[in-house]
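Hi,

Here is the structure I promised to pass on. Please open it alongside these notes.

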Amino acid sequence: MTRWMRTLHKWVGLVLAAQFVLWMASGLAISLLDHEEVQGHHHRAAVAAVTPAWPVGTLTPAQMLAAAPHAVRSVETAWLRDRAVYRLAAGESAWLVDARSGERVTVDAATAAAIAAADYVGPGQAGAPALIGAATLEARGHHAPIWRVDFDDEDHTTLYASGQDGRILERRNDLWRWFDIAWMLHIMDYTDRDDFNNPLVVTAAAGGLWIALTGVWLLLASLRIRRTARPVVVT
């Protein structure tokens with residue numbers, strides 16, 4: 001039993017050793033990377049200290065709700081650049097309505113480019129906005145349509161703006177992309193990169209626990225064998 005367990009312990013340990021190295025290496029990389037730069041905050045424009053006063057003569061939230069094409073979960077005031085709008089949301093969808101006219105506001109390519117330019121501070125020049133019909137890994141967790149705007153700075157900054165309500169969804173750069181790879185290796189989610197409870201990581205963690213417990217058992221068994229095998233000295 002001890003010999004069989006020792007052999008199994010050795011081979012399972014060898015299989016898990018590679019993942020333990022990846023865990024430690026990726027965890028070290030995550031802890032060493034600068035969080036502010038990973039999040040792209042060094043190229044983010046400062047938020048205005050004073051919010052513009054809401055203009056007079058706008059439609060009321062009750063009027064917005066009454067004119068909505070379907071049930072609305074929430075309504076809030078917002079600004080799309082210098083335009084006063086209402087943001088309405090229902091389920092996974094959201095849309096903007098002009099606060100004065102009540103007309104629906106479309107976030108087109110020109111609007112997305114202006115939003116990205118206002119959010120970005122840096123030496124890069126913006127490329128043409130590209131409309132994404134489905135969320136990519138860099139914009140995971142968000143709902144399409146999404147505008148992608150790339151900047152030609154040394155960090156290869158990319159901004160993602162919602163095609164529904166114009167909000168900046170994500171700020172990505174090369175440092176974040178390295179962080180994302182390290183995060184993928186750390187949690188062993190090689191598809192969506194956001195499931196910390198996926199079967200692979202649970203199996204590896206359970207295997208590591210098994211290695212630790214069997215290691216203690218084998219150590220105790222080895223000590224017991226040595227004690228019983230100790231020769232008796234007759235004087």
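Two strands count as paired here if DSSP finds at least two bridges between them. Bear in mind that the model is predicted.

Strand 5 is joined to strand 6 (residues 146-150) by 3 bridges, and the two run antiparallel. In this pair, isoleucine 132 sits opposite isoleucine 146 of strand 6.

Next, histidine 43. Look for it in the loop between helix 2 (35-38) and helix 3 (61-67). Is histidine 43 buried or exposed? The cut-off for buried is under 20% relative accessible area. Histidine 43 has 13% relative accessibility, so it counts as buried. Leaving out residues up to four places away in sequence, its contacts include Asp119, Tyr120, Asp153 and Thr157.

Last, helix 5 (residues 174-187). Its 14 residues reach 20 Å from first C-alpha to last, close to the 20 Å expected at 1.5 Å a residue. At its start, a side-chain oxygen of asparagine 173 comes within 3.1 Å of the backbone nitrogen of leucine 175. Buried residues of helix 5 include Trp176, Asp180 and Ile187. Just after the helix, methionine 188 has a positive phi of about 60°.

Best wishes

Terms used:
Residues are numbered from 1 along each chain as its sequence is written. This is a predicted model: local features need pLDDT of at least 70, side-chain atom pairs count only at pLDDT 80 or more; totals for chains, interfaces and linings use all residues. Side-chain values use heavy atoms; hydrogens and water are left out. Helices (H or I, at least four residues) and strands (E, at least two) are DSSP runs, numbered from the N terminus. Buried means under 20% relative accessible area, exposed over 50%, partly exposed in between (1.4 Å probe, protein chains only). Contact means heavy atoms within 4.5 Å. The expected span of a helix is 1.5 Å times one less than its number of residues. A polar contact is a pair of N or O atoms within 3.5 Å; within protein, one must be able to donate a hydrogen and the other to accept it, and residues adjacent in sequence count only if both atoms are side-chain atoms.
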